[in-house]
Amino acid sequence: MSPGVLLTFIIGYFLVLMVISYLTSRKSSDNDTFFIANRNSKWYLVAFGMIGTALSGVTFISVPGKVGAPSGDQFAYFQFVLGNAAGFIVIATVLLPLYYRMKLTSIYSYIEHALGTWSYKTAAAIFLLSRTIGSAFRLYLVVIVLQRFIFDSYGIPFSITVLICLLLIWSYTFKGGLKTIIITDSLQTLFLVSSVFLSIYFICRSLDMNIFQTAEAIKESSYSKIFFFENFLSSHFHFSKQFLGGLFITVGMTGLDQDLMQKNLSLSNIKEAQKNMFSFTAVFVVINIFFLSVGALLYMYAAKNGITVEKTDYLYPTIALKYLGIIPAMVFMLGLTAATFATTDSALTALTTSFCVDFLGFNKRKDTNSKKMVNLRHYVHIAFSGLMFLTIIAFNALNNDAVVTAIFKVASYTYGPLLGLYSFGLFMSSRQVNDKFVPFICLISPAVCYFLSTDSKEILGGYVFDNELIIVNGLITFMGLWLTSKQRLNQPVASLKGSV
């Protein structure tokens, strides 16, 4: 498929998003609309749109690619997905009721009530750092694909490609914010889900198999093992590590993350939010089964046609864009673009919201919807777009996948301290933290975990950490808070019991 056709296709795609942005923001583009969509969103739109935000372009490319990786992943990722599902249930039944009782715009406002100002600013800063690096990393991986298959043909530098992507995202989010994103993410999720099913169809057709033959071929293949109970100490894939890691990472990186929670808080009441969360969980589990199935089919197709790639992440784009024809190539690019930009547009809105509320105090002002404050929000939105641009350029300048992955991994460690902060606030309501010590505790915990994961074989008798490291991270933060706390003389503002 020619780069010109792909480029035309992407331009048309963004024109559609800009039309949606105009229609959703023409009547109102104030800060209440941008931050929480006036708390008037429809639960089914939020639930469906969250699929695109939760999956991202990395999932779209990497999950199918890892199925046949030399490390022997197969369908082990589904164990992690089951943990994710358990985590979403915890969020729906424990965290969302708390957020709604307190009528929060930024979820980190809870920490101010429960622990103190320094703790609050630390939690918000952790989110800003983690989400900026994480979203930049995800966009970076997908921009590489766009650069390789489209923009290199026109001699356009990588930095300009990144700038174009971010300008396009900014252009349809800067006015309507969350209100626009709930609609555009629903559309992008539709494209993403459609592309997965259509990819399966096109690959099956190329392999001359019907749906029943395909299901049997996947089941009988060497890629379909789901549950791993062998080698608890040394295996990354052991069920307990994957399931528990999936559970706590979901609680930390979704339930304690402004991005996905902001959409839930745009609903009118807790029942709508829980209905949204449970529906989202069911669809999330099913769609990941199909992602893994795409991976198995891609490796079968590659084996049949003698296709080899440098990295597993290149398998899906290589087959889709070079071997299956024009329509499958367009379907793949549609899914990739939808997955990537559904994640990035949502992240930019959440970053802007968190900074405006947590550091500029928008929620404490009576003139929050004034022209002056709306303009200030625009400047913050532009600043975070620029920061993400610089972060992606830095990733590319490093030109070392191992270093870039390590940076992303370090950023993911910072959700452990959030887990510790919220757990302490919820379960240790009788103790008062030493607020000024909290930033140092939240720096020490991920640092200890990073070195622990690097040397765990020697320190722990051969034990290898995987996603469950976030539990250790949260425990270290929790213990640090407990050791530096004292008995509280009066009851905290908010706890699991519901006092506010």
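The largest cavity in this predicted model holds about 30 Å³ of space, where a cavity is a set of points, on a 1 Å grid over the protein atoms alone, at which a 1.4 Å probe fits but cannot get out. Its volume is the space filled by probe spheres set on the points, which are joined across faces, edges and corners. The count comes to one cavity of 30 Å³ or more.

Local features need pLDDT of at least 70 and side-chain atom pairs count only at pLDDT 80 or more, while totals for chains, interfaces and linings use all residues. Residues are numbered from 1 along each chain as its sequence is written, and side-chain values use heavy atoms, with hydrogens and water left out.

Lining residues, which have an atom within 4 Å of a point, are Ser199, Phe202, Tyr316, Ala320, Leu324, Pro328 and Phe332 for the largest cavity. The elements that give two or more residues to this lining are α8 (178-206), α13 (315-322) and α14 (326-359), helices being DSSP runs of H or I with at least four residues, numbered from the N terminus.

Two helix pairs are set out below, with angles that run from 0 to 180 degrees between N-to-C directions and axes fitted as lines to C-alpha atoms over the stretch in contact.

| Helix pair | Angle | Axis distance |
|---|---|---|
| α14 and α15 (residues 371-398) | about 125° | 9 Å |
| α6 (residues 117-149) and α17 (residues 415-427) | roughly 150° | within 10 Å |

The angle of the second pair makes α6 roughly antiparallel to α17, a term for angles over 145 degrees. Contact, meaning heavy atoms within 4.5 Å, is made by Ser119, Ala123, Ile126, Phe127, Ser130 and Arg131 of α6 with Tyr415, Pro417, Leu418 and Leu421 of α17.

Key:
1 Å grid on protein atoms, 1.4 Å probe; cavity = no way out; pocket = protein on both sides within 12 Å on 5 of 7 lines; lining within 4 Å. Parallel < 35°, antiparallel > 145°, perpendicular 65-115°, else oblique.
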